[in-house]
Structures are given as C-alpha cells and as structure tokens.
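Q: Could you walk me through this one? I'm new to it and would like to go slowly.
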Amino acid sequence: MTSMFWTRKRDLPDDVKQVLWSYDTTKIDLDKHRRLIVGQVLNYGSRKATDWLFEHYSQEEVANIAKTIPSGQWDKKSLALWSLVLNITPTTKASAMAQR
C-alpha cells in the first residue's frame, strides 16, 4: 500500500501541481487531501487538470465535495460553471454555520 501511495503522489501532473502553488506537492495525499485538490482544481485548474481530476475521482465524489465548499471560497466564474456541470449549490456561510 505504501508503494502505491508514493506512485500516486509522483503521478500528480504539472497542471494539478500548478493549482496547488502554496502547498508542498510532494506531501499531498490523494485521499487525505481530496477536498483541497478538488477545490483548487475546480477553481483554478486547466482543462488537463480537470480531466485528471475526473480520472481520479468520480463525478459523484467531486460533486459531493464541491457542495461543501463555501460559496465565498469559489471564483465566481468557476462557481457558475461547476454549479451547472455538477448540478450543485455550494454552501453559504450561514448554512455552513448551521451545520456545526
């Protein structure tokens, strides 16, 4: 299992690494950091990065994660696009507070 984990980390393409600019991508775990990866790729990723995202995570999983990202953390154009593509409504600050 450890060797597969390291292989998956090495397979992180440059297009995805670019949207994780403030993180040490050698320490990114595709399972543990999936929320971070999904949020960054949907907000800032290129077509290659989003293609990679959907090759590694199911559309249902991406949609479920995207729904939990507060609307204030979205780029407005990205939010408009992915809300339509994934048929989601991200949480608002008020609804996020109510869920606690």
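Q: Is Y44 buried, partly exposed or exposed, and what is its relative accessible area?
A: Y44 is partly exposed, with a relative accessible area of 44%, where buried means under 20%, exposed over 50% and partly exposed in between, using a 1.4 Å probe and protein chains only. This is a predicted model, in which local features need pLDDT of at least 70 and side-chain atom pairs count only at pLDDT 80 or more, while totals for chains, interfaces and linings use all residues. Residues are numbered from 1 along each chain as its sequence is written, and side-chain values use heavy atoms, with hydrogens and water left out.

Q: OK, and how many aromatic pairs does the structure hold?
A: There are 3 aromatic pairs, a pair being rings of Phe, Tyr and Trp (its six-membered ring) with centres within 6.5 Å, called stacked if the planes are under 30 degrees apart, edge-to-face if over 60 and tilted for the rest. One of them joins W21 and Y44, which is edge-to-face at 5.2 Å centre to centre, with 70° between the planes.

Q: Where do W21 and Y44 lie?
A: W21 lies in the loop between α2 (14-19) and α3 (34-44), and Y44 in helix α3, so the pair ties together parts that are 23 residues apart in sequence; helices here are DSSP runs (H or I, at least four residues), numbered from the N terminus.

Q: What about F54 and W82?
A: F54 and W82 form a tilted aromatic pair, 5.9 Å centre to centre and 35° between the planes. F54 is partly exposed at 29% relative accessibility, whereas W82 is buried at 9%.

Note on methods
Helices (H or I, at least four residues) and strands (E, at least two) are DSSP runs, numbered from the N terminus.
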